[in-house]
Amino acid sequence: MLIYLGLICNENMQIEGFWYYLFTGVFEATTIHYAVAKIFGPLLFGRGWCGYACWTAMVLDFLPYKSPSQPRKNLGWIRYITFTFSIVFVASLFLAKVGNIERIMFWAFIVGNLAYYAVGIALAFAFKDNRAFCKYICPITVFLKPMSYFSVLRIKCDKDKCISCGKCKRVCPMNVDVTDNSRKRKNGTECILCMECVRNCPKDAL
């Protein structure tokens, strides 16, 4: 999607592209992608997109801080600012009747991706956490979080096997308390199904 649809076909696959095609009423790959991966799909697989298909996270996962060494910071509100900025940016182009919007959207896709990588890498080193961008900045999570609450695919804990060693919490890149089977568990809508907790559980309780 990044290379073929984005760079070759000049289609904005970022959230700005979603708003653009939504406003124009054009059913393009971006709208299909958002519907499947980020709006309705999470009802089935939660934030699996973040764990296996996101091209921003793909780069961030190569950085050295796979397991956060510090408590999660109360900065999740920033994602709502970036989310609002994306829709205001596109709406402003339409309201101002700017010409050649499609070309502007292509360059917004290029610049936006570069900005995501730059900010993501900077935050990873600043917070010693590869997924800091996903936790605090990424606007897509505004779509993903409410749908992920109802996800069918979830990590569950066998309480009879669990010895409360805490290893699953230490290795989880998103700070999810997977020992709590409730949908209200701590950071429950953040689970990216990476299976690090399952691989590291000494008692196969997950």
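Author: What follows covers cavities, pockets, salt bridges and a few surface points, all from a predicted model.

Reader: Fine. How many cavities of 30 Å³ or more are there?

Author: The count comes to four cavities of that size.

Reader: How much space is in the largest cavity?

Author: The largest cavity holds about 200 Å³ of space. Its lining has 20 residues, and those closest to the centre are Trp49, Cys54, Thr56, Cys138 and Ile140.

Reader: Which helices supply that lining?

Author: At least two residues each come from α3 (29–39), α5 (48–52), α6 (55–60), α9 (132–136) and α10 (141–148). The largest share is from α6, with three residues.

Reader: And how do the residues of that lining divide by class?

Author: There are 14 nonpolar residues, three polar and three charged.

Reader: What about the second largest cavity?

Author: The second largest cavity has about 120 Å³ of space. It is lined by 14 residues, and Ser148, Ser151, Arg154, Gly188 and Cys191 lie nearest its centre. By class, that lining has five nonpolar, five polar and four charged residues.

Reader: On to pockets. What is the volume of the largest pocket, and what lines it?

Author: About 290 Å³ lies in the largest pocket. Of its 15 lining residues, Glu16, Phe85, Gly112, Ala115 and Tyr116 are nearest the centre. Both α7 (78–95) and α8 (101–127) supply at least two residues of the lining, and α8 gives the largest share, six residues. The classes are 10 nonpolar, four polar and one charged.

Reader: And the second largest pocket, which residues line that?

Author: The second largest pocket has a volume of about 210 Å³. Its lining is Gly51, Tyr52, Asp61, Lys66, Asn130, Arg131, Val171, Pro173, Ile192, Cys194, Glu196 and Arg199. The elements giving two or more residues are α5 and α12 (196–200). This lining has five nonpolar, two polar and five charged residues.

Reader: Asp61 and Arg131 are both on that list. What do their side chains do?

Author: Arg131 and Asp61 meet in a salt bridge, 3.0 Å from N to O.

Reader: Is Arg131 buried or exposed? And where does that leave Asp61?

Author: Arg131 has a relative accessible area of 3%, so it is buried. Asp61 is at 30% and therefore counts as partly exposed.

Reader: How many salt bridges does the structure hold?

Author: Eight. One of them is between Arg47 and Glu190, with the closest N and O atoms 3.2 Å apart. That pair links distant parts of the chain: Arg47 is in the loop between α4 (42–45) and α5, and Glu190 is in the loop between α11 (167–171) and α12, 143 residues away. Both Arg47 and Glu190 are buried.

Reader: Why does Glu190 count as buried, and what about Arg72?

Author: Glu190 counts as buried because its relative accessible area is 1%, under the 20% cut-off. Arg72 is partly exposed, at 24%. Salt bridges with shared partners join Arg47, Arg72, Arg79, Lys145 and Glu190 into one network.

Reader: Change of topic. Which residues make the nonpolar surface patch?

Author: Ile3, Tyr4, Leu7 and Ile8 make a nonpolar patch of about 430 Å². Of these, Tyr4 lies in helix α1 (residues 2–8). Tyr4 counts as exposed because its relative accessibility is 52%, over the 50% cut-off.

Reader: Last one, Ser69. Where is it found?

Author: Ser69 is in the loop between α6 and α7. Its relative accessibility is 56%, so Ser69 is exposed too. Ser69 and Phe127 are 58 residues apart in sequence, and their C-alpha atoms are 8.5 Å apart in space.

Key: Residues are numbered from 1 along each chain as its sequence is written. This is a predicted model: local features need pLDDT of at least 70, side-chain atom pairs count only at pLDDT 80 or more; totals for chains, interfaces and linings use all residues. Side-chain values use heavy atoms; hydrogens and water are left out. On a 1 Å grid over the protein atoms alone, a cavity is a set of points where a 1.4 Å probe fits but cannot get out, and a pocket is an open set with protein on both sides within 12 Å along at least five of seven lines; lining residues have an atom within 4 Å of a point. Grid points are joined across faces, edges and corners, and a volume is the space filled by probe spheres set on the points. Helices (H or I, at least four residues) and strands (E, at least two) are DSSP runs, numbered from the N terminus. Ala, Val, Leu, Ile, Met, Phe, Trp, Tyr, Cys and Pro count as nonpolar, Asp, Glu, Lys and Arg as charged, and the others, Gly among them, as polar. Patches are made of residues with over 30% relative accessible area and no salt bridge: like charges are joined within 9 Å, nonpolar side chains (Val, Leu, Ile, Met, Phe, Trp, Tyr) within 5 Å. Accessible areas come from the Shrake-Rupley method with a 1.4 Å probe; for residues, only the protein chains shown count as cover. A salt bridge is a side-chain nitrogen of Lys or Arg within 4 Å of a carboxyl oxygen of Asp or Glu. Buried means under 20% relative accessible area, exposed over 50%, partly exposed in between (1.4 Å probe, protein chains only).
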